[in-house]
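Please look over the sequence and the model shown below before reading on. The report that follows takes up contacts, cores and charged pairs in turn.

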Amino acid sequence: MRSSPAARSGETPPRTPGNHHFQSTVSAHRLRRLNSLVLLLRLFSFCFSLASAVFMSTNSRHSSWLDFHPFRFVFAANAIVAAYSLVEMAFSVFEILRGTTPLPEPLQVWFDFAHDQVLAYLVLVAEGAGAAEARGLRGGDTCTDGSSFCVQADVAVALGFVGFFFLGCAALVSGFRVVCFMISGSRFNL
């Protein structure tokens, strides 16, 4: 496609019906709101996953959580999700402040979507395994009336499920961005 003489000389090309480089303030406001929502979801996912990992790692009054493989899985999955959410919060802040993604847009869209999906399933499986193990311990000698081990394990698993909820919501938003990118070539169809 040939460019106009005005465009070749550095001047602004004339406005034509197919030339849409204008972004309204309403569209910019919508994009800021969506980015703020993503940041909030990442923040909640980080907080609940970190709290779950901390609760599980400090749970060793009568028995050690290291003695139970599902509780190790709960700790590891929540620690990984907390670290990922922290990195994604930094990416979200960068996007809000600069108006662009830290990685090239196609890579950023697919990076967010793929990691949200994989880590959401990882933490869901870990919490399911932890819940099954905590329930199985109720009938044994590990969980007695005076033992806080099982209560703390239950709290860690519950916090992990809440972290999964927020990560799942972030995965829905990143899925929306993938669909918008595939349809219009932009992560948010303005």
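Leaving aside its neighbours within four places in sequence, which residues is Ala-156 in contact with? Ala-156 is in contact (heavy atoms within 4.5 Å) with Ser-52, Phe-55, Met-56 and Glu-127.

The model is a predicted one, in which local features need pLDDT of at least 70 and side-chain atom pairs count only at pLDDT 80 or more, while totals for chains, interfaces and linings use all residues. Residues are numbered from 1 along each chain as its sequence is written, and side-chain values use heavy atoms, with hydrogens and water left out.

**Nonpolar cores**

Ala-156 and Met-56 both belong to the largest nonpolar core, which has twelve residues in all, among them Trp-65, Phe-68, Phe-71 and Phe-149. A nonpolar core is a set of buried Ala, Val, Leu, Ile, Met, Phe, Trp, Tyr and Cys residues joined through side-chain atoms within 4.5 Å, where buried means under 20% relative accessible area, exposed means over 50%, and partly exposed lies in between (1.4 Å probe, protein chains only). Helices α3, α4 and α5 each supply at least two residues of this core, and α5 gives the most, with four residues; helices here are DSSP runs (H or I, at least four residues), numbered from the N terminus. A second, separate core of eight residues includes Ala-77, Val-81, Leu-119 and Leu-167.

**Salt bridges**

Across the whole structure, a search finds three salt bridges, each being a side-chain nitrogen of Lys or Arg within 4 Å of a carboxyl oxygen of Asp or Glu.

| Salt bridge | N to O distance |
|---|---|
| Arg-42 and Glu-88 | 3.6 Å |
| Arg-42 and Asp-116 | 2.7 Å |
| Arg-177 and Glu-95 | 3.6 Å |

Arg-177 lies in helix α5 (residues 149-184) and Glu-95 in helix α3, so this pair ties together parts that are 82 residues apart in sequence. Both Arg-177 and Glu-95 are buried. Salt bridges that share partners join Arg-42, Glu-88 and Asp-116 into one network.

**Cysteines**

The search of the whole structure finds zero disulfides, a disulfide being a pair of cysteine sulfur atoms within 2.5 Å. Cys-47 counts as partly exposed at 37% relative accessibility, and Cys-169 counts as partly exposed at 21%.
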